[in-house]
Amino acid sequence: MSNTLLRGEIVYFIDDPAQKGEAAHIHHADGIIWIKDGKIHQCGDAATILPTLPSNHPMTHYPHHLILPGFIDAHVHYPQCDIIASHGEQLLTWLNKYTFPTEAKFTDYSHAEQVAAFFFTQALRNGTTSLASFCTSAPASVTAFFDLAQSHNMRVIGGKVMMDRHAPDYLRDETEQSYDDSAALIEKYHEKWRLHYGVTPRFAPTSTPRQMQLAGKLFQAYPGVYLQSHVAENLDEVTWVRELYPTARSYLDVYEEYGQLGRRSIMAHGIWLDETDRARLAATGTALAFCPTSNMFIGSGLFDLKAAQQHGIQVAMATDVGGGTSFSLLQTLAAGYNVLQLNNHQSFTAFQGFYQATLGAARALALADKIGSFTTGCEADLVVLDYQATPLLERRLQTCASLAERLFALMILGDDRAVAATWIMGRQVYARDISCLEN
Ligand SMILES: [Zn+2]
């Protein structure tokens, strides 16, 4: 049995700060994480755990650092690495001008593998240890994604985009074939190693009603399978969906009509929703992915976290790269803070932010028994943040009087420079200062 020991300041969540306040997090100013066989065996104060440890056991000590559960990115498009920071469009023109041409290249496994390798390296250097990603409509894009995720031993969700209309011929799939291809990928990868399959209709406009029906059928037919899509991101999109599905009560209702809402269904954005939509999201256990850098960059609108919380909707943070502008969940939290400030001055605390990027996301993705926390039995995925990462961060933190203030400064000023190390299943897979990845 392998034992790994980490020492440093530790914070993790056991509940939602929006409901439980200060009691929602556990803080050890000088703590130890004891990992056995890749899982959390014990996490507590150093003074308590040190006397119980095997004598002279090696320990990795992180003074001036903060150890948190690894970040979870609930919605991202790995094939869009190469169009991040593309200028000047809103959703529907963005797709045609940037997304579709770049996604066309993923019929080639070696291209997909090369982009996936870059993508996972970016995730780890940003402290992201789990994520839910779209692939493209090409099965090779999914194979490359899962092969790379497995090589990093990461817990991920991914799936083949289903898209049989309103896309260029070179990307559109065939309706029945998209079902068969998705089913074959589910059989091959779902719940193998740490991999989960997500049925992935891109969004209601790019699937025929028949394909929407088949996507719902896949979601219902395979136990534990996820479904990921987009909803109510942009006003032109909402209008288009109304034209395409005239009998639906709302955009969200289209997904419900085709059996695509429920636990393990992840809908990105959810900006232009009404109260009935929010009630349906909560009642069905469907998660919303809050993608603030994307929502600002593509000019989509301001997410309403308070309304989601009032309805009891599960919310997870997400980068939505390449519409999003950063792989960093810290930068994503900073953008989330800005979005919520602009939306009726909603106060997004650091505790709320770090919860939404760790345990809150794990709960939204129905993975809280495995990731997102340091409770005994959880998989030991973690990120080590450096309080002295930049001169500005170091200076600002000297004037912080509380943990809440330090966490807030980290989420506003932090980015990949603040990530000193990333660990997966009790093994260090990224260390900033030696600038390398162990494989
Ligand atoms: Zn997206």
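This is a predicted model: local features need pLDDT of at least 70, side-chain atom pairs count only at pLDDT 80 or more; totals for chains, interfaces and linings use all residues.

Modeller: Start with α4 and α5, which are oblique to each other. Their axes cross at roughly 40 degrees and come within 8 Å. The crossing of α4 past α5 is right-handed.

Now the residues that meet. From α4 come Tyr 109, Ala 112, Glu 113, Ala 116, Ala 117 and Phe 120. Facing them in α5 are Ala 140, Ser 141, Thr 143, Ala 144, Phe 145, Asp 147, Leu 148 and Ala 149. By class, 10 residues of this contact are nonpolar, 2 are polar and 2 are charged.

Next, the loops. Gln 260 sits between α9 (251–257) and β11 (265–269). Although it lies in a loop, Gln 260 is buried, because 28 C-beta neighbours fall inside 10 Å and the cut-off is 20 or more. Leaving out residues up to four places away in sequence, Gln 260 touches Ala 215, Gly 216, Phe 219, Leu 227, Ser 229, Tyr 255 and Ser 265. Asn 3 is 257 residues from Gln 260 along the chain, and 42 Å separates their C-alpha atoms.

Two alanines deserve a check of the backbone. Ala 85 has a positive phi, near 65 degrees, in a residue other than glycine. Its place is the loop between β5 (71–77) and α3 (91–103). Ala 85 is exposed: 9 other C-beta atoms lie within 10 Å. Ala 366 also is not a glycine, and its phi is positive at about 60 degrees. Look for Ala 366 in the loop that runs between α15 (359–364) and β14 (382–386). Here 18 other C-beta atoms lie within 10 Å, so Ala 366 is partly exposed.

Last, a peptide bond. Val 321 and Gly 322 are joined in cis, with omega about 5 degrees. Gly 322 belongs to the loop between β13 (314–317) and α13 (329–342).

Notes
Residues are numbered from 1 along each chain as its sequence is written. Axes are lines fitted to C-alpha atoms, for helices over the stretch in contact, and angles run from 0 to 180 degrees between N-to-C directions. Helices (H or I, at least four residues) and strands (E, at least two) are DSSP runs, numbered from the N terminus. Angles under 35 degrees count as roughly parallel, over 145 as roughly antiparallel, 65 to 115 as roughly perpendicular and the rest as oblique. A crossing is left-handed if the near helix is turned anticlockwise from the far one by less than a right angle, and right-handed if clockwise. Two residues are in contact if their C-beta atoms, placed from the backbone, lie within 7 Å. Ala, Val, Leu, Ile, Met, Phe, Trp, Tyr, Cys and Pro count as nonpolar, Asp, Glu, Lys and Arg as charged, and the others, Gly among them, as polar. A residue is buried if 20 or more other C-beta atoms lie within 10 Å of its own, exposed if 12 or fewer, and partly exposed in between; C-beta atoms are placed from the backbone.
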